[in-house]
Amino acid sequence: MGGTDWADWQRSWDRQQEWYMPDREERFRVMLDMVGALVGPEPRVLDLACGTGSITDRLLKRFPDAVSTGVDLDPALLAIARGTFGGDGRVTFVTADLKDPEWTKELPYDTYDAVLTATALHWLHSEPLAALYGQVAGLVRDGGVFMNADHMIDPATPRINAAERAQRHARMDEEKAAGVLDWAEWWALAAQDPVLAEPTARRFEIYGEHADGDMPPVGWHADTLRAAGFGEARPVWCSPSDTLLLAVK
């Protein structure tokens, strides 16, 4: 374990994700801008469906006095996260299934200033996602925030959606030809790594190849969060394919 280059795995993961989302860093920047604006520079944060800890990494670079709890079920991505942040007392990682109604009992804190998530909750169908939003509302303190950055496709704009998809895939094809790893190739590489091979195999036993969750439009997310107990909810950033939705308790 000691010889594994966790920073290299983080860079590799970031590059693979950026192939799908070229505005990913801008999205993180706005997310952290809103954290600072609404809850201050020393937030207690829940990094929901944290993966390799991408949000936590940027959070701590921006706010060194923050603390973060990362929660996920993926054993391979959690291995990278734990390897990256090992020994950092500001960070705790929890293995939990967000579909389990008892998952919040695994957390080290009862409340958080901010719950943040990115490119993850589209793995859930609308019904379990609505239930999760209710649980998140119970974790965010009064005045605290929840932010979800993800694909939120508007079915009322089919021509815009088709044009955006065509343009995005043309760019991705060009970058792929230049050697960028896609999702499947990245996981194939992880499966060959001596340290990540076993947790990668377990991860595919848990999830399969990919999720078949829903991608409801922005309005559904905002309405569901308000019904869960948030006072305000609206987008604070968007690209042609992604939205960052902010809700304030």
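**Notes on the pockets, a cavity and a few residues**

1. Let me start with the second largest pocket: its lining divides into 5 nonpolar, 3 polar and 7 charged residues. Please keep in mind throughout that this is a predicted model.

2. How much space lies in the second largest pocket? The figure is about 180 Å³. Its lining is made up of 15 residues, and those nearest the centre are Pro22, Asp23, Ser239, Pro240 and Ser241. Two elements, α2 (24–39) and α6 (158–177), each give two or more residues to this lining. Of these, α6 supplies the largest share, with 4 residues.

3. The structure has 1 cavity of 30 Å³ or more, and the largest cavity holds about 40 Å³. Which strand gives the most to its lining? That is β5 (residues 140–151), with 3 residues.

4. The residues are Leu121, His122, Leu129, Asn148, Asp150, His151, Met152, Asp214, Met215, Pro216 and His221. Sorted by class, this lining comprises 5 nonpolar, 4 polar and 2 charged residues. For comparison of your own, the second largest pocket has 5 nonpolar, 3 polar and 7 charged residues in its lining.

5. A word on Val236, which sits in strand β6 (residues 232–238). Is Val236 buried, exposed or partly exposed? Its relative accessible area is 23%, so it counts as partly exposed, because buried means under 20% and exposed over 50%. Beyond its neighbours within four places in sequence, Val236 contacts Val30, Met34, Leu244 and Leu246. Val236 and Ala247 are 11 residues apart in sequence, and their C-alpha atoms are 9.7 Å apart in space.

6. Two cysteines deserve a look as well. Cys50 has a relative accessible area of 5%, so it is buried, while Cys238 is exposed at 55% relative accessibility. The cut-offs behind those labels are under 20% for buried and over 50% for exposed.

7. Finally, how many disulfides are there? The count comes to 0, where a disulfide would need a pair of cysteine sulfur atoms within 2.5 Å.

Key: Residues are numbered from 1 along each chain as its sequence is written. This is a predicted model: local features need pLDDT of at least 70, side-chain atom pairs count only at pLDDT 80 or more; totals for chains, interfaces and linings use all residues. Side-chain values use heavy atoms; hydrogens and water are left out. Buried means under 20% relative accessible area, exposed over 50%, partly exposed in between (1.4 Å probe, protein chains only). Contact means heavy atoms within 4.5 Å. On a 1 Å grid over the protein atoms alone, a cavity is a set of points where a 1.4 Å probe fits but cannot get out, and a pocket is an open set with protein on both sides within 12 Å along at least five of seven lines; lining residues have an atom within 4 Å of a point. Grid points are joined across faces, edges and corners, and a volume is the space filled by probe spheres set on the points. Ala, Val, Leu, Ile, Met, Phe, Trp, Tyr, Cys and Pro count as nonpolar, Asp, Glu, Lys and Arg as charged, and the others, Gly among them, as polar.
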